[in-house]
Amino acid sequence: MKVSMTVNGQQRTDEVEPRLLLAHYLREVCGLKATNIGCDTTSCGACTVVVDGLTVKSCTVLAAQADGAQVTTLEGLAGPDGELHPVQRAFREEHGLQCGFCTPGMVMAAIGVLADNPDPSDREVREGLEGNLCRCTGYHNIVRAVRTAAQAGPTAGQVPQAQEVQA
Amino acid sequence: MSILGTRVVRTEDPLFLTRGATYTDDLVDDRLTGALHATFVRSQVAHGRLLSVDASAAREAPGVVAVFTAEDCTDLAPIPAGLPMVPPAMIRPWLATDAVRFVGDIVAVVLTEERYQGEDAAELVSVDVDPLPAVVTTADSARDEVLLFPEAGTNVMAAFGEPAPEDFFVGCEVVVTQRMVNQRVAPVPLETRAAAAAWGEDGRVTIWCTNQGAQQAKGEIAGWLGLDPARVHLVTPDVGGGFGAKIGADPEYAFVAWLAQQAGRPVRWTESRSENLVGMLHGRGQDQVVTIGGRRDGTIEAYSLVVDQDCGAYPRVGIILPTLTMLMAAATYAFPKVHAQARALATNTTSIGAYRGAGRPEATAAVERSIDLFAAEIGMDPAEVRRKNLVPAFSEPHTTPSGATYDSGEYVAALDKALEAAGYAELRAEQTRRRERGDVRQLGIGLSTYVEITGADTGLGAAESAELEVHPDGTATVLTGTSPHGQGHATAWAMLASDQLGIPVEKITVLHGDTDRIPRGGGTMGSRSLQQGGAAVHQAATELIEVAKQRAAEQLEADPADLQVDLTSAGLSVRGTPGAGITFAQLAEKEPLVVQTRFEAAAPTFPFGAHVAVVEVDVESGKAELQRLVAVDDAGVIVNPLLAEGQRHGGFAQGVAQALLEEVLYDADGNPQTSTLADYPFVSATELPSFELVDMATPTPINPLGAKGIGEAGTIGSTPAVHNAVIDAVAHLGVRHVDMPTTPMRVWRAIQQAQQEGTH
């Protein structure tokens, strides 16, 4: 079947199996390998991406279900000149990543947390990220990173608009 | 000012945060074009006679290129245990032949054009098993009534030590004994296992796989397949966590290489999480009996630890874990008499291997629970019992009755720092108030002190290689035999080179994990990397400066003794002659400026610390919540506090998870009950507080950096502190011990039982 969607600002149409997961579509068809798959039960959140402004676990969405949607992955966050998104920047400053496997999903989920609550407490960050598992950091520096990112203001809770990425 | 000891943010991160790391499953490589996908068919039965494997329907399924069963792999010799003490009858066949021995045992493998086709076809492989009774616990195993390997005549894979002398506790005023479980847990690196292999026209195979040391993985794969090691090129891409479970190679990795040879096409394999939770090594899995005896004034006179190690179905590193537990049995204490003994036992479960701490957390958990049990028995504050029995500060080597020789330690100071930072007296006062009020939410305060062994010689030597080259453009390259998978070696090794050469960190590239470029290496495990691999980089920089001085002396017509490093210019200057000098980059213009070196560690090091955990337990539901974790972790000199703290945080989380939540469970028939992340209670952000870190740094004389290992300490210290805290919270209700994980059900039952016993 045919699916059309905008991925990181680029419109594309592909022929896919109806059962193809969005996570595999992004990785295998679009070649966007930042989005990782860490489980098969929607538990770990490594595959989290933003679809039409909402964070979703792309292992639990069919590519077909995202037909017509705007999808943003980690690769779509930095500015055209390479300027890091506030959440990306904060993860680096606060050492919020180690092996990096949960990171793409964690960054996208953090953006979702900040979209809902621009100035969360530690507890609110922890609750917001409950569906994203990390084995390396003990979450300590991830929580700090999200709170640091919040200081950047409303952009921390937003993904770039399509035209910005295209530029 | 030296860059060492400063919080340098990671050079790895910009790529990881914008394009993502490149893990094995992410690889795009011409050599892997047209790769087939391997899907393993695994036993769904824990123990049984394998009657038949019918792959005929699978062979007809869409996209299937080949299906291999045991009869298709007869030219592969069984996988040797690699451990001299293991009976030869316990070796593992590549594919189950006459028996299946755990849920997850491989019975067939399917090669398909596409990944999804493999899952479809694997379901069509018909496996006929005549079930046998499953051996699930160490107690079942030790009875030897059902044998996993009948030819071996026993389920005992290895035995260590002797029983304690009968008079071991004679003369003690108080003797306390307790059976306790250090439960089986799953390492769960977020990246599951993955491998890819491609054979070249030159007869060499390139294997990409996720591991903790390319050189060891290569050696194992070559050995298992009977290949000349020169024909194997192993590459370690970025690795999404290991925690010990990715040490060496797994049989699946070698199998992928063999399959690629059979198929004449490259082959890839990436397991699912549900496959990972039965197929990847598990950790811990000890049943322990502790006995501790001493005087009513708190002096401990004798301590005994007897371990039954669950090894799972086939021999892996789990067999030797109890030897590390035994080595560290004396822990931080000056006990006059220490006894330890262990058996390693086969069960119809996933094999046990190393998991963050690997044998040492089990030793610490045993002794720290014992101290609390003893303190409770004599009615003394557990901090006081510890203080009374800790080894006094030492800077000369201290040898314990268990046979370990500690390099340096200040255990009392570590404990006092932790107690002070936690506000121990006020915590006890608050606990008393809550007890007097009969609050539903009671406070528990748990302590641990620990010492562990890092950088131990695990048979491959306590040494590490490094190559350092400065290029004419002013950049430098470090080749290391360590194998980072989150630890930040690219940053830390660059700092070590930069510190001596003045070349900025961002101009130094650190490479690892390619056996053609780096033939020797010990990998990253056992908290060895900085003290051996980092020390090798430091040594390489020192040696490179000497080479540069000789070369510069000729070019500048100066005495080498008059040359000194000028960090500002990243070169050498002539003492007393302002303006005269040459950069390292310039010295590399005519011929390469490169050194290769190997750092040999004289001995392991022994990091130590003390943790204080504060929990609240709801006595009506049994639910324990960790409120605070205060940690003193002394790993000697710290190169990058940001990275060292990150190691501690991650270790704490895994340690807390073992105390409170995580456990791999099997039913009585050996069926795994925790084989997805929906079932396995992997610790999440909501179950943890932010941690309170206290600094302490006692240098070691063992290496020029003064550094000890920090990778596993957090796990080792945190588990018993939290465990003790949960029990402390309900001790006034008569609870003496609760096994880990201290789930609400367990704690609630312990309260009910204690109260019933109290009323009779």
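Tutor: Two residues are in contact if their C-beta atoms, placed from the backbone, lie within 7 Å. This is a predicted model, where local features need pLDDT of at least 70, side-chain atom pairs count only at pLDDT 80 or more, and totals for chains, interfaces and linings use all residues. Residues are numbered from 1 along each chain as its sequence is written, while chains are lettered from A and ligands numbered from 1 in the order in which they are written.

Student: How many residues of chain A are in contact with chain B?

Tutor: By that contact rule, 41 residues of chain A meet 41 residues of chain B.

Student: Which helix supplies the largest share of the side of chain A that touches chain B?

Tutor: That is H2(A), with four residues. Helix H2 (86-93), helix H3 (103-116), helix H4 (122-128) and helix H5 (140-150) of chain A each give at least two residues to that side. Helices here are DSSP runs (H or I, at least four residues), strands are runs of E (at least two), and both are numbered from the N terminus.

Student: What classes do the residues of that side of chain A divide into?

Tutor: There are 19 nonpolar, 12 polar and 10 charged residues. Ala, Val, Leu, Ile, Met, Phe, Trp, Tyr, Cys and Pro count as nonpolar, Asp, Glu, Lys and Arg as charged, and the others, Gly among them, as polar.

Student: Why is chain A called as compact as a globular protein of its length?

Tutor: Chain A has six helices and five strands. The globule rule is 2.2 Å times the number of residues to the power 0.38, and the radius of gyration is taken over C-alpha atoms. For 167 residues the rule gives 15 Å, and chain A has a radius of gyration of 15 Å, so it is as compact as a globular protein of that length.

Student: What does the rule give for chain B?

Tutor: With 760 residues, a compact globule would have a radius of gyration near 27 Å, and the 27 Å of chain B agrees. Chain B holds 18 helices and 28 strands.

Student: Why is H9(B) called roughly perpendicular to H10(B)?

Tutor: The axes of H9 (residues 360-378) and H10 (residues 382-389) of chain B come within 9 Å and cross at roughly 115 degrees. Angles under 35 degrees count as roughly parallel, over 145 as roughly antiparallel, 65 to 115 as roughly perpendicular and the rest as oblique. That makes H9(B) roughly perpendicular to H10(B).

Student: Which residues make the contact of these two helices?

Tutor: Ile371(B), Asp372(B), Phe374(B) and Ala375(B) of H9(B) meet Pro382(B), Val385(B) and Arg386(B) of H10(B). By class, this contact has five nonpolar, no polar and two charged residues.

Methods:
Axes fitted to C-alpha atoms, helices over the stretch in contact; angles between N-to-C directions.
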